[in-house]
Amino acid sequence: MAEKIVNDFTPIEPDPQYILQVNALKKYFPIKGGFFGNTTGYVKAVDGVTFNIRRGTTMGLVGESGCGKTTTGRTILRLSGEKTGGQVLFEGKEVYDLNHKEMHDLRTKMQIIFQDPFSSLSPRMPVGEIIGEAVREHNLVPKNEYNDYIDRIMDSCGLQSFHKDRYPHEFSGGQRQRICIARALALNPEFVVCDEPVSALDVSIQAQIINLLNDLQNEFKLTYLFISHDLSVVEHISDTVGVMYLGHLVEYGETKDIFEHPLHPYTEALFSAIPVPDPTAKMNRIVLEGSIPSPANPPKGCPFHTRCKRCMAQCKEVKPEQKEIEPGHYVVCHLYD
């Protein structure tokens, strides 16, 4: 029999300085088993994540593969069904309390750039239709201005107007990602989830896409949640950084504070793996022993204690709470009790 889901959290009030407030967000996926397909357990993909993003800034979300980064982004946008628990406040409104029409209208303000540009683009539609499909759906511009509007969006993303009649397979990986960015930008959004938008690209093309995202942010006053496992990219583009492990946000703060003074043992281990472009530099690599526990059966207490060299007795029994160690720098670890 599946365990009972406990949804205990303290609701927060809307704060106008933040465009997005995420409070104790949970997203569990049921595990079905047995002859009747009953729920036997849950995969705890996101388990109590809390952070805020100021308007016009970028928050980087980092962690190992499978830690729940993408699920966090999709749950915020209400793309993964109903949340399991917590709050998602966008401009002060709970996203999961909106009805169908209100959510339809909100879609123009919240967009996503997917990780794989090829699989997220319809092979049967020309680029002009891909970028303009949602523009027509939401009636954002008059019909007589539609073509000029699409041309301007494509130009902003480094695409030519004659590209409108071509199909996705006729473009390179970098150009396809520009098409995905243009599709998101065409709806004039305020908040964009960038789900590892450069991980499938060459390093030189990565730099072009990152610079494009920075330019678009400055021009259109966009707010990003930038999901990545490339720490050097996150350091370059982000104003704040959150570090995830096994569905939990273990550390969160300003980018400079996180990179210069990491507090959580997992954050220290992640940063020790960043390559240094100096063959004579000595690497003080922290090697994590063991494998990541299953999110379907997470360990009791601190989720990281099975791989932590600084593990204490209470780490194995008591789940740590989020604490503010420095102004704006939060950590979830018993070392700072």
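Predicted model: local features only at pLDDT ≥ 70, side-chain atom pairs only at ≥ 80, totals over all residues.

Colleague: Let us begin with the whole chain. How many helices and strands does the secondary structure of the protein come to?

Modeller: The protein has nine helices and twelve strands. Its radius of gyration is 21 Å, close to the 20 Å that the globule rule gives for 337 residues, so the protein is as compact as a globular protein of that length. Along the principal axes, the C-alpha trace spans about 70 × 60 × 45 Å.

Colleague: What share of the 337 residues is buried?

Modeller: A residue counts as buried when its relative accessible area is under 20%. Buried residues make up 49% of the 337 residues. The protein exposes about 16900 Å², and carbon and sulfur atoms supply 50% of that area.

Colleague: How does one find the empty spaces in a model?

Modeller: Rolling a probe the size of a water molecule over the atoms shows where empty space is left. In this structure, the largest pocket has a volume of about 1200 Å³, and the second largest pocket has a volume of about 400 Å³.

Colleague: Which residues lie nearest the centre of the largest pocket, and which strand gives the most to its lining?

Modeller: The lining of the largest pocket holds 48 residues, and Ala-24, Asp-47, Gly-48, Val-49 and Thr-50 lie nearest the centre. Strand S2 (38–54) is one of the strands that supply at least two lining residues, and S2 gives the most, with ten. By class, this lining divides into 21 nonpolar, 13 polar and 14 charged residues.

Colleague: Which elements each supply at least two residues to the lining of the second largest pocket?

Modeller: They are strand S6 (110–113), helix H3 (127–137) and helix H5 (173–185). The second largest pocket is lined by 18 residues, and those nearest its centre are Gln-111, Phe-114, Ala-134, Arg-183 and Leu-187. Its lining has eleven nonpolar, four polar and three charged residues.

Colleague: How many cavities of 30 Å³ or more does the structure hold?

Modeller: The structure holds two of them. The largest cavity contains about 60 Å³ of space, and the residues that line it include Cys-302, Cys-308, Cys-311, Cys-315 and Cys-333. Its lining divides into eight nonpolar, two polar and one charged residue. The second largest cavity contains about 50 Å³. Its lining has nine nonpolar, no polar and no charged residues, and H5 gives the most to that lining, with three residues.

Colleague: Where is Arg-78 found, and what is its phi?

Modeller: Arg-78 is found in the loop between helix H1 (69–76) and strand S4 (85–90). Its phi is near 60°, a positive value in a residue other than glycine. Glu-196 also has a positive phi, near 45°, and is found in the loop between strand S7 (191–195) and helix H6 (203–220).

Colleague: Why does Glu-196 count as buried?

Modeller: The cut-off for a buried residue is under 20% relative accessible area. Glu-196 counts as buried because its relative accessibility is 8%.

Conventions: Residues numbered from 1 in each chain as written. Heavy atoms only, no water. 1 Å grid on protein atoms, 1.4 Å probe; cavity = no way out; pocket = protein on both sides within 12 Å on 5 of 7 lines; lining within 4 Å. Points joined across faces, edges and corners; volume = space filled by probe spheres on them. Helix = DSSP H or I, 4+ residues; strand = E, 2+ residues; numbered from the N terminus. Nonpolar A, V, L, I, M, F, W, Y, C, P; charged D, E, K, R; others polar. Rg over C-alpha atoms; globule rule 2.2 N^0.38 Å. Buried < 20%, exposed > 50% of the residue type's maximum accessible area, 1.4 Å probe, protein only. Areas by Shrake-Rupley, 256 points an atom, 1.4 Å probe, with all protein chains shown as cover.
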